[in-house]
Amino acid sequence: MTTLRRVAGKLGALLLTLFLASLLVFFSRFLVPGDPVSFLLRGRKPSPEAVAQVTAQYGLDLPPWQQYLNWLTGVLQGDFGRSLQYRQDVSQVIGDRLPVTLGLVIMAGTMIAVVGLTAGIVASLNRGKVLDRAVLIGLTVLGAIPSFVGSIVLIAIFAVQLGWFPSFGSGEGFFDTIYHLVLPSIALAIVFVVLVGKVTRSSMVEQLGREHVEVATSRGLKRGTVIRRHVFRNSIGPILTVSGVLVAGLLVASSIVEAAFGLAGIGSLLVASVDRLDFPVVQAIVLLIVTAFVVVNAIIDVLEPWIDPRAAAGAGAR
Amino acid sequence: MSPSPVMPARGTGRRVASLVAAGLGAALVLTGCSGAEPEKAQPAEWELTAQTDAPSGDLDSFTWANYAEPYSLDYAYAFDYADNMVLANVCESLMRLNPDWTLSPGLAESFAHPTPETWVYEIRSGVTFHDGTPLTAADVVASMSRHLDPAVGSSWYSNYQNVASIEQTGDMQVTVTMTGPDSQFNLGMGGSAGVIESAATLAEKGADYGNSTGGVNCTGPFSFGEWQSGESITLERYDGYWDPELTARSAEVKFIFMNDANARTNALKSGEVDGGWMIPADAVPQLLDSDQGDMLFGLNTAVNNLIISDLEGPLGDVRVRQALLMALDRQGIVDAAVKGYGNTTDVLTTESVWDGASDAAIASAFGDIEEYPYDLEAAKKLVEEAGVAGEELTYVTAPISSDFNVYAQATAAAAEAIGLKVNIETVTPNAYTALFSDPTAREGVDLFYTSWYLSSPDPLEMYSVLRTGEFSNYGEWSNPEFDAVVNEALTIEDPAARSEKTAEAQQIANEELPWLPMFEAPVTLFMGERITGVAPSIAFLYYPWAATIGAR
């Protein structure tokens with residue numbers, strides 16, 4: 001019962017957040033200088049009737065609140081409007097590019113999880129030793145490399161010099177796509193590995209010093225078992241929380257990597273659309289990122305007590 | 001600094017939005033891995049190539065680097081390099097604009113001009129669309145009528161602004177009636193304004209016509225294959241193509257969108273991509289040395305100008321405009337912005353667009369004009385006479401490519417050298433584009449840069465936009481004598497007689513400087529070692545250039 005109520009509460013908060021986000025996302029476009037119609041004209045000489053008709057076609061002649069209602073009604077039905085730039089349904093424009101970004105985020109996410117967790121665990125188990133310091137220094141160095149620098153270096157070495165990987169494009173078919181996404185995923189993962197690695201380390205270190213770990217060890221349980229059952233399981237809360245933040249970070253950071261590798265993902269689409277005043281596309285992508293962020297974090301909130309019973313106890317007591 | 005137009009000219013230029021200019025200039029962006037470039041001690045030398053060697057055989061496929069993704073393949077919106085360079089190979093127009101910038105019959109086998117107000121087109125028989133259906137007069141009427149439909153909002157509306165009606169007047173005949181004499185209408189039919197699409201396809205695709213899912217169904221040597229949104233467009237050879245001269249030599253051509261100038265240069269140098277138009281200026285010296293293919297230069301119709309967008313400020317005085325032009329080190333700008341591959345000019349058209357002009361017209365348009373050699377002392381004197389010393393100008397630029405910075409800095413330096421202050425305002429590329437369409441965006445702006453190309457073989461295209469009240473007359477320059485000359489020229493059917501009037505207009509613009517002409521540069525092209533057969537020319541916007549490319 002409490003679980004159900006808690007989930008319902010989360011859901012309500014989630015919907016409210018999304019609603020507020022939709023307001024922000026929609027009305028912020030009126031703060032941006034520039035007229036979408038003048039973008040559509042791109043310097044061409046129009047007939048006055050055409051200007052009026054085109055304005056009406058995109059609903060730009062209506063008062064803002066009316067535009068918002070029309071937009072929201074559409075969005076709730078999965079219709080994000082028409083892209084001014086591509087003269088195509090926004091859902092189509094984004095749908096064409098979403099797989100690339102998702103592939104990139106999934107591959108980078110996997111790398112971050114594997115490398116970050118491994119580095120964090122290894123460091124924590126060797127706390128104070130040379131290996132710990134080496135991992136920490138390594139992570140700090142990686143963390144200082146911005147995605148665009150990483151992209152340039154990776155292209156220069158592995159695409160141009162060695163010719164092992166392609167320098168642009170997202171490939172065709174499953175394996176070719178993965179092959180094309182290797183370098184971009186690495187470029188994207190680099191910065192975030194640090195975050196996961198450091199959080200994992202500190203969380204593990206904290207648990208290793210806990211009384212129950214010492215008790216378990218003194219009871220003669222094997223070190224491996226203690227670490228799996230007591231240390232790692234209890235450390236997972238902060239790691240999950242950080243991972244929730246990562247999702248939005250990855251989606252946003254993908255724009256830089258996509259641009260560098262010539263990938264047609266939603267990140268590079270967002271950048272291009274902002275510059276071209278293609279509001280329907282910008283609004284849809286921002287809403288998508290906000291939604292992904294909010295939903296992932298809600299899921300983590302719900303999952304956390306299930307993984308770590310202490311969190312449930314804490315929540316109940318609150 | 002006398003005008004030294006590169007080649008025989010004709011044509012007028014169509015306006016260039018900033019993005020277009022980006023294409024041209026996009027060259028420069030920082031080239032990290034550019035290797036050692038010879039310091040330009042000696043002036044750049046180049047030759048225009050009219051036609052490369054004929055192919056030795058056919059190809060399965062070749063790839064082409066585009067600096068940007070087309071907005072649309074709908075001919076009504078195909079207005080920029082990125083759109084037209086693809087579309088030209090898929091869709092055909094009533095007339096054909098050839099690489100030497102002449103017009104010849106296209107989908108219209110012939111045309112007649114029985115009265116000053118009517119154009120009668122005989123439609124070619126035996127032509128089929130890519131879906132196999134035959135071309136009919138009804139398709140022509142449907143295609144052309146779209147430009148008149150306000151709901152379409154065609155980019156080529158200005159070509160049709162004097163059209164009263166478009167009607168089928170025979171089995172294979174279409175008659176266009178104008179509201180008055182208009183010598184320019186037929187000249188525009190070689191460009192995207194004259195493209196013919198299947199009426200059935202237009203009806204069936206509706207709003208999705210020409211976008212990445214809808215595609216197009218035209219009559220060109222290549223058919224629309226696949227459009228991978230954001231990445232590439234693939235065209236396939238159309239086996240039912242009507243013209244044996246232009247049947248595609250390659251079974252497939254793939255256009256890859258590479259916005260990053262550096263990435264494009266790398267791909268061309270490494271042979272990853274077979275070719276590309278509008279090579280980044282920084283890359284030209286590198287590619288000239290490359291053993292991966294040939295760096296080529298072709299006929300252009302563009303002139304790089306400074307648009308004077310406020311005649312109520314200091315630049316309203318013609319002496320100040322003249323002074324600024326004389327203070328600009330235009331050869332220096334050519335060297336810095338396009339690595340020397342260009343020629344300074346004092347007029348707004350290239351000789352290449354003066355097709356059918358009389359010798360007398362060419363002589364007066366390019367010879368009997370005012371020259372504005374670099375002369376700071378004379379320029380300073382003019383500014384003092386005008387009494388505007390110390391006044392401030394606003395120059396708007398955008399980080400579109402590094403040459404934009406060259407134009408901005410050079411203009412500021414020139415103005416300051418003659419006693420004016422300059423405020424350089426940097427805006428986003430989009431806001432920059434708005435300067436060309438939105439009068440409110442030009443408020444308080446004195447100057448901005450453009451590369452303006454013409455889309456028809458008549459220099460009148462350039463001067464008609466500078467008439468009083470015209471959409472692209474950004475500074476609202478008004479000269480009744482000029483208007484009268486241009487308006488009269490527009491009604492003259494005979495190209496030679498018309499060119500003499502146009503030469504008068506060119507002389508007035510040369511004296512009055514509503515825009516400051518800086519230089520003209522050839523079209524650049526890189527062709528990899530696998531391929532040959534292309535004709536380097538700005539006609540790549542409207543002529544099926546990819547069809548002639550085959551195996552080297």
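Predicted model: local features only at pLDDT ≥ 70, side-chain atom pairs only at ≥ 80, totals over all residues.
Student: What are the dimensions of the two chains along their principal axes?

Tutor: The C-alpha trace of chain A spans about 85 × 60 × 35 Å. For chain B, the spans are about 70 × 60 × 40 Å.

Student: How does the radius of gyration of chain B relate to that of a compact globule?

Tutor: A compact globule with 552 residues would have a radius of gyration near 24 Å, and chain B has 23 Å, so the two agree. In chain A, 44% of the 318 residues count as buried.

Student: What share of the contacts joins residues at least 24 apart in sequence?

Tutor: In chain A, among contacts between residues at least 6 apart, 74% join residues at least 24 apart. For chain B, residues 24 or more positions apart account for 75% of the contacts with a separation of 6 or more.

Student: Let's turn to helices. How is a pair of packed helices described?

Tutor: Two packed helices are described by the angle between their axes and the distance between those axes. Take H6 (residues 130-143) and H8 (residues 174-208) of chain A: their axes come within 8 Å and cross at roughly 145°. The crossing of H6(A) and H8(A) is left-handed.

Student: Which residues meet there?

Tutor: From H6(A), the contact involves A:Asp132, A:Leu136, A:Leu139, A:Thr140, A:Leu142 and A:Gly143. They meet A:Ile190, A:Val193, A:Val194, A:Gly197, A:Lys198 and A:Arg201 in H8(A). By class, this contact has 6 nonpolar, 3 polar and 3 charged residues.

Student: Could we look at one of these residues, A:Ile190? Is A:Ile190 buried or exposed?

Tutor: A:Ile190 sits in helix H8 of chain A. Its relative accessibility is 12%, and buried means under 20%, so A:Ile190 counts as buried. Leaving aside neighbours within four places in sequence, A:Ile190 is in contact with A:Leu142 and A:Ile145. For another reference point, A:Gly78 is 112 residues from A:Ile190 in sequence and 34 Å from it in space, C-alpha to C-alpha.

Student: Now the sheets. How do strands pair?

Tutor: Strands of a sheet pair through backbone hydrogen bonds, either parallel or antiparallel. Chain B has an open sheet of 7 strands in the order E9-E10-E11-E2-E12-E20-E13, with mixed pairing. E9 (222-228) and E13 (293-298) of chain B stand at the edges with a single partner strand each, so one side of each has no neighbour in the sheet. Neighbouring strands of this sheet are turned by 20° against each other on average, direction ignored.

Student: What is the pairing of E2 and E11 within that sheet?

Tutor: Strands E2 (residues 62-66) and E11 (residues 252-257) of chain B pair in the parallel sense over 5 bridges. Look for B:Asn66, which stands opposite B:Phe257 in E11(B).

Student: Which helix lies across E2, E12 and E20?

Tutor: That is H7 (residues 261-270) of chain B. H7 runs at about 140° to E12(B).

Student: What does an antiparallel sheet look like in this model?

Tutor: Chain B has an open sheet of 4 strands with antiparallel pairing, in the order E5-E6-E8-E7. Its edges are E5 (108-112) and E7 (163-170), each with a single partner strand, so one side of each is left without a neighbour in the sheet. Between E6 (residues 118-123) and E8 (residues 173-178) of chain B, there are 5 bridges. The bridge partner of B:Trp119 in E8(B) is B:Val176. Helix H3 (residues 137-145) of chain B lies across E6, E7 and E8, running at about 170° to E7(B).

Methods
Residues numbered from 1 in each chain as written. Chains lettered and ligands numbered in written order. Heavy atoms only, no water. Axes fitted to C-alpha atoms, helices over the stretch in contact; angles between N-to-C directions. Helix = DSSP H or I, 4+ residues; strand = E, 2+ residues; numbered from the N terminus. Left-handed = near helix turned anticlockwise from the far one by under 90°. Contact = heavy atoms within 4.5 Å. Nonpolar A, V, L, I, M, F, W, Y, C, P; charged D, E, K, R; others polar. Pairing = 2+ DSSP bridges. Rg over C-alpha atoms; globule rule 2.2 N^0.38 Å. Buried < 20%, exposed > 50% of the residue type's maximum accessible area, 1.4 Å probe, protein only.
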